[in-house]
Amino acid sequence: MADTMISLRDVTKRFPGAARPAVDRLSLDIEEGQTVVLVGPSGCGKTTTMKMINRLIEPSGGTIEVDGTDVMRQDPVRLRRRIGYVIQSIGLLPHRTVAQNIATVPTLEGWDRARTDARVRELAGMLQLDEELLPRYPAELSGGQRQRVGVARALAADPPVMLMDEPFAAVDPIVRARLQDQLVGLQRRLRKTIVFVTHDIDEAIVLADRIAILNIGGILEQYGPPEEILRAPANAFVEDFVGPERGLKRLALITVSDIELEEGPVVGPATPAEDARRMMKETGFGWVAVIEDRVIRGWVDEPMLEGKDRVEDASPRKFGAYVTPADSLRKALDSIVASRTNVAVVADRNDRYLGILTLERISREIRVPS
Amino acid sequence: MNELFDWEWASTHLDLFARQLGQHVSLTLLAVAIGLLIALPISIYVHRHRRLYGPVTAVAGVLYSIPSLALFALLLPFTGLGTDTAEIGLVSYTLLILIRNTVVGLDGVPPDVKETARGMGYDDRQLLWRVEIPLALPVIVAGVRLATVTTIGLVTVTAFIGKGGLGFLMLAGFRNLFPEVAVLVGLVLSVALAVLAEGLLLAGQRVLAPWSRKGVAGA
Amino acid sequence: MSEPGFLAEVVEWFTDPVNWSGSFGVPARTLEHLQITAAAMAIAAGIALPVGMYIGHRRRFEFLIVSVGNVGRALPSFGLLLLFVIAMGLGEAPIVLTMTLLAIPPILINTYVGVQAVDPDALEAARGMGTTELGVLGRIELPLAARVILAGLRIATVQVIATATLAAVAGGGGLGRYIVDGFAGGDDAQLFSGAVLVAALALAIDGTFLLLQRLVTPRTTSSGAPAEVAEPVLVTTRGG
């Protein structure tokens, strides 16, 4: 088990004049190298909680430790330079170029020019920002580019901790999905401790190692891996927040390799048409897959075999798409729904046949024990 | 009436015009510089302590509304003829413009930019000098532009208290100490100076804010 | 000059009945000052209000606004006044002409800005309901622009009062006479008292306009919003 990087103990925040505390005695441990997503309805104190970690908001009670040190005992400016920070509107400095924006913290820390330049280039590459964007101003960038500059800037001084407050909420769904994938890929390499705030449970499921579900007033309703939250919501609030499709959402977290595949109706190219027909009838599929040296050739059905002696005489048709073992069950389900054969064919990257997934097989995974 | 177009006299007194133009420019520059030195700290303070904005601009507004001749006359018995009186009066006219523009400029800095800057570890001073002031600069410079052009006009009135720059030419021409052409020369040079200052500061505004030239601002 | 006795001299000047009667007295000089101010303001408003409304309403010839603003800012009232007096001779005509010319830019600019800043959706809705163009101007644009237009009138008035004071240098009447005569005669008490009167008059009129502005400000919006609309006030400045 990794060490605890951020630890909240009975953290409370009361804003002056407010009837109830925004965050009420919240305790949470965040392990080093994990992505923890704080999620909940508006008013649940998720942003307040996050901002107390870098002291943009000062807690009214309790203790917050980052890397074993009480944040209240540190100079907030020093503390913040070791914590990357990204918010929804990004807040790029409009009067600084992209390169200068990315170099913000290195500049504050007094890095020399060569080191700063090298770091800026490295980050631009990491976030797939074209080098020709570097001398431009933020106003000249697209929404998705700005988000990536924001993330690059937060990573610049290689802080062990990153705070991200709905960083992808303002971009369109397609760009958002791409940015999420990119963050997951980046995190796989960098292993930062990330605290990510969102109101979107789907985003939380995609990004999180652990999800903290907060209720109004900063009440922690459940804290656990996404799969656990979907499989076993702790209470009615969590169940309601996760939504009626939690079984479906859980599919996104299970990969094809996690479950046992069915063998499916398989024949070789030299198989007599008669045998193939019998197999269609016996398995009830109405078609068979044609495999040669474990590699998929395609599929044939009854009308195609009409008047043919052997399977290969019918010139098998290609499958529309395969699913690989690394894909999620959600993708497999998409493939099933879209296919003419009503199954997802699973193959490895070299087109070698591994088996099939049927709707029945997947629905067994959807039915979660409650 | 021909005196008004006595170009011969004018062409033989270019050095006089140059001297008065020089005085006009230095009176203006000094007034705007002192005005900025007073207005900037006040604006920064008022920007952080909002309740003071009303009272501060009210005081500056009163100064601004007092007719120039009256303001100089109010000072005269205490500070006498000369540069002190001229500058006190001129500076007090710049304050309203400079304070209002600076505060409006600082107000215009997007809150998300300030929040992330703070979140990344800018301390208060760095936030002010590296984020807020640079971003407010176009509006502040616009204020400097208005203050400068206004001051160029008002400097002429200081002729009454023994200064005046180009105003001295006007008053002397009017009182027939010089041919009347001096009034015209003073007026034309004064307008030219105002137009030049306006153009230079407009160009300065653009040079100082290269980021705002392209596309829409805001991240 | 600033010994304690000076204040006493000023008080003495203000309490001397001689200074309060006759055609050289404070009431007469104030009246002169106000008359000449009112005349210039009436002419300037008569020109600038309709032109500003037209340009703001039709959104045509907008370049005129920028040009007038630029010229207005660059012209020094003092030089203009002296030039007109030389060209037209002593009298009220050159003084009123100068004051009128200087009063036009702020009124024109603010009227234009106020009228053109009205939300186009509100105009479209009104036209959609069958309001005539004059009705749109009179019932929607002008009421919404009133505060900004008043701000323009206020700046113009401050400018005009200041120029009316300067007029004394060029032989004009009004309260500026005390300042100019006091200066010429080395009478600091008179000079200072005149300055106090001019300042008081300017501030009183300025305050009246501020009150009017407050009265016409729609109370529907939160306090901060309309103040921003008055910002173009800074586009126009004074030169007197």
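Which residues have the most contacts inside the largest nonpolar core? In this predicted model, the largest nonpolar core has 213 residues, and B:Met170 and C:Ile179 are those with the most contacts inside it. The element that gives the most to this core is helix 7 of chain C, which contributes 16 residues. When neighbours within four places in sequence are left aside, B:Met170 is in contact with residues of chain B, namely B:Thr156, B:Ala159, B:Ala182, B:Val183, B:Gly186 and B:Leu187, and also with C:Phe78, C:Gly79 and C:Leu82 of chain C. Another core lies apart from the largest one and has 31 residues, including A:Trp287, A:Val288, A:Leu333 and A:Ala347.

The contact between chain B and chain C takes 37 residues from chain B and 39 residues from chain C. On the side of chain C that touches chain B, at least two residues each are supplied by helix 3 (62–74), helix 4 (77–88), helix 7 (133–166), helix 8 (176–184) and helix 9 (188–216) of chain C. Of these, helix 9 of chain C provides the largest share, with 10 residues. Sorted by class, this side of chain C has 25 nonpolar, 9 polar and 5 charged residues.

Chain B also touches chain A, through a contact that takes 21 residues from chain B and 22 residues from chain A. On the side of chain B that touches chain A, the elements giving two or more residues are helix 6 (111–119) and helix 7 (124–155) of chain B, and helix 6 of chain B gives the most, with 7 residues. The residues on this side of chain B comprise 11 nonpolar, 5 polar and 5 charged.

Within chain A, 6 strands form an open sheet of mixed pairing, in the order 6-7-8-3-9-10. Strand 6 (83–87) and strand 10 (219–224) of chain A stand at the edges and have a single partner strand each, so one side of each is left without a neighbour in the sheet. On average, and with direction ignored, neighbouring strands of this sheet are turned by 15 degrees against each other. Strand 6 of chain A runs parallel to strand 7 (residues 161–165) of chain A, and 5 bridges join the two; A:Tyr85 stands opposite A:Leu163 in strand 7 of chain A. Helix 1 (residues 46–53) of chain A packs on the sheet, where helix 1 touches strand 3 (35–39), strand 7, strand 8 (193–198) and strand 9 (210–215) of chain A. The direction of helix 1 makes about 150 degrees with that of strand 8 of chain A.

How values were computed
Residues numbered from 1 in each chain as written. Chains lettered and ligands numbered in written order. Predicted model: local features only at pLDDT ≥ 70, side-chain atom pairs only at ≥ 80, totals over all residues. Contact = placed C-beta atoms within 7 Å. Helix = DSSP H or I, 4+ residues; strand = E, 2+ residues; numbered from the N terminus. Nonpolar A, V, L, I, M, F, W, Y, C, P; charged D, E, K, R; others polar. Pairing = 2+ DSSP bridges. Axes fitted to C-alpha atoms, helices over the stretch in contact; angles between N-to-C directions. Core = buried A, V, L, I, M, F, W, Y, C linked by C-beta atoms within 7 Å. Buried ≥ 20, exposed ≤ 12 C-beta atoms within 10 Å, placed from the backbone.
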